Amino acid sequence: MFVPCDRGGGSASSDFKGFTLLMPAVSVGNVGQLATDLVISTLNMTKVGYFYTDCLVPMVGNNPYATAEENSMELSINAEVYSLPSKKLVVLQIRSPFIKNKYRPFCQTLLSWVKSSKCARVVLLSSSHAYQRDDEQLLGTPLRYLLTPDLEKAVGGLMQELNWKEMEKVAAYPGINDTEKVLHIPGGGITKLLFTESCSKGIQMAVLLKFCSEGDNIPDAFALVNYLNEWLQLVKSEVNTSSQWKIPSSWRLLFGNGLPPALF
Amino acid sequence: MATFFGEVVVAPSRAGVDDEESAEEAREETPEDREIRRELEKKREVDVLWTLKSGASTESSADEPFVCSKFIVAIGHNAAAFLSSFILDSVCWEVVGVAKLWNEWCRTSNTTNVLPTDSFCLFYRLISDPTVLLCQCSCYVAEDQQFQWLEKVFGCMRKEDLQVTILSTCPVADYKTQESTLTLPSPFLKALKTKEFKEEVCCPLLEQPNIVRDLPAA
């Protein structure tokens, strides 16, 4: 599945032992993917490979993080891996939706790759439909976290200190039986599946998600990436929290072309 | 992300997984479900049949991969028509293969004597240089068939020293630019190339944030 890039650095560039894998779930508002774009762009991460998979809709374009003519001509596809060894960080960016019935095989393959590449832990950035919140969730912070039992032991205390809110479970049969609670992440894509599979496979995984709706999700992406930064400290926190992140050039024209003059 | 005016949203759900789909998957698959799924998968299989020198048709996977130096693939009605009008003729090119598939949008026709309005996917070889192959694919290859098409077609050819050129068209409405699309030059050509492609490209490269999807991307 993982195909390393030929960078002349040999296998060193694809050794992720002990690294943190950061990845998005394709979810409502694409918030996880936008936040991941911000991380890759700001930290100027190097592409080290891609996933050769039949589970995602194919797409290709030129380098979405291009800053100048010289670096704008590298092809970029739907699932690519970037690395920053100085921070022991490896990032997987997913750019297209899953093909019908293929998201399960993708999750299986992904988690076995996580195990075989010996990543220390996985951080999944996601989002959930804001309109599904209950009365209590409507108040306070829209950001939530989840930890698999293995990671809970390691960082559970830190989450308490940061005053983070854990994602609440909901009644399995609302109105009928309120005692049985299950995890429900509507609009979260593969989030729930990856989380439950990681729990059962003993993988250390954290999910960071934001309640949001479809629309201009750039502010949601900033909120999520700042939330991530409170924990992982990827960039120095500044007073103006949006200025520390670099917006990639591919975010131009997100809402289409300008108005054609012929319209008037 | 919100859709903007003119964007055609193909995916039913941005989350990538419909809630109904995940609920369906959650319950155990019965033998009948498995049977139905298998039948559907069989129906959606892509078959690539090559006609060898001897004239006999054979399954693609049976034989040794053949040598190919240049492979030109035209995807979509416009690109296929371009090849029919300017490149293909029965004197210099011979049909050497066909891909057959079915999906909700089209079924490829059975004959190799196709009309321009048919859906088809044919492979031709240049008679004077049999290592030059051409593919005219005017049928729509669905998302779940694209990878299969790719593996079955490229699986038959040797990939060393192979140069692949893909011709395709996209609607101008999909092109993202600061300027007005009315003032774009005609013909409006853009290219994407791998870093291994060392020759000169005959037109400018596709700028961010534009992308290519579906079979040309695959």
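Predicted model: local features only at pLDDT ≥ 70, side-chain atom pairs only at ≥ 80, totals over all residues.
Me: What makes a residue part of the contact between chain A and chain B?
Reply: Contact means heavy atoms within 4.5 Å, and by that criterion 46 residues from chain A and 41 residues from chain B take part. Buried area is the accessible area (1.4 Å probe) that two parts lose on being put together, summed over both; for chain A and chain B this comes to about 3600 Å², with 60% of it on carbon and sulfur atoms.

Me: How many salt bridges and polar contacts are found between chain A and chain B?
Reply: A salt bridge requires a side-chain nitrogen of Lys or Arg within 4 Å of a carboxyl oxygen of Asp or Glu, and the count between chain A and chain B is zero. A polar contact is a pair of N or O atoms within 3.5 Å, where within protein one must be able to donate a hydrogen and the other to accept it, and residues adjacent in sequence count only if both atoms are side-chain atoms; the rule finds three such residue pairs across the interface, both residues being at pLDDT 80 or more.

Me: Which elements of chain A supply at least two residues of the side that touches chain B?
Reply: Helices (H or I, at least four residues) and strands (E, at least two) are DSSP runs numbered from the N terminus, and both β4 (59–62) and α2 (103–116) of chain A meet that mark. β4(A) gives the most, with four residues.

Me: How do you know that β4(A) pairs with β8 of chain B?
Reply: Two strands pair if DSSP finds at least two bridges between them, and β4(A) has three bridges, in the antiparallel sense, to β8(B), residues 211–213. One bridge sets A:G61 against B:I211. On its other pairing, β4(A) is joined to β5(A) by three bridges, again antiparallel, with A:V60 opposite A:I77.

Me: Why are β5 of chain A and β8 of chain B said to stand at the edges?
Reply: The open, antiparallel sheet runs in the order β5(A)-β4(A)-β8(B). β5 (75–77) of chain A and β8 of chain B each have a single partner strand, so one side of each is left without a neighbour in the sheet.

Me: What makes A:K47 and A:E74 a salt bridge?
Reply: Their side chains meet at 3.7 Å, N to O, which falls within the cut-off for a salt bridge. A:K47 lies in β3 (residues 46–51) of chain A and A:E74 in the loop between β4 and β5 of chain A, so the pair ties together parts that are 27 residues apart in sequence. Over all chains the count comes to 14 salt bridges.

Me: What is the order of the eight-stranded sheet of chain A, and which strands are its edges?
Reply: The order is β1-β3-β6-β7-β2-β8-β12-β9, open and with mixed pairing, and the edge strands are β1 (2–4) and β9 (143–147), each pairing on one side only.

Technical notes. Residues numbered from 1 in each chain as written. Chains lettered and ligands numbered in written order. Heavy atoms only, no water.
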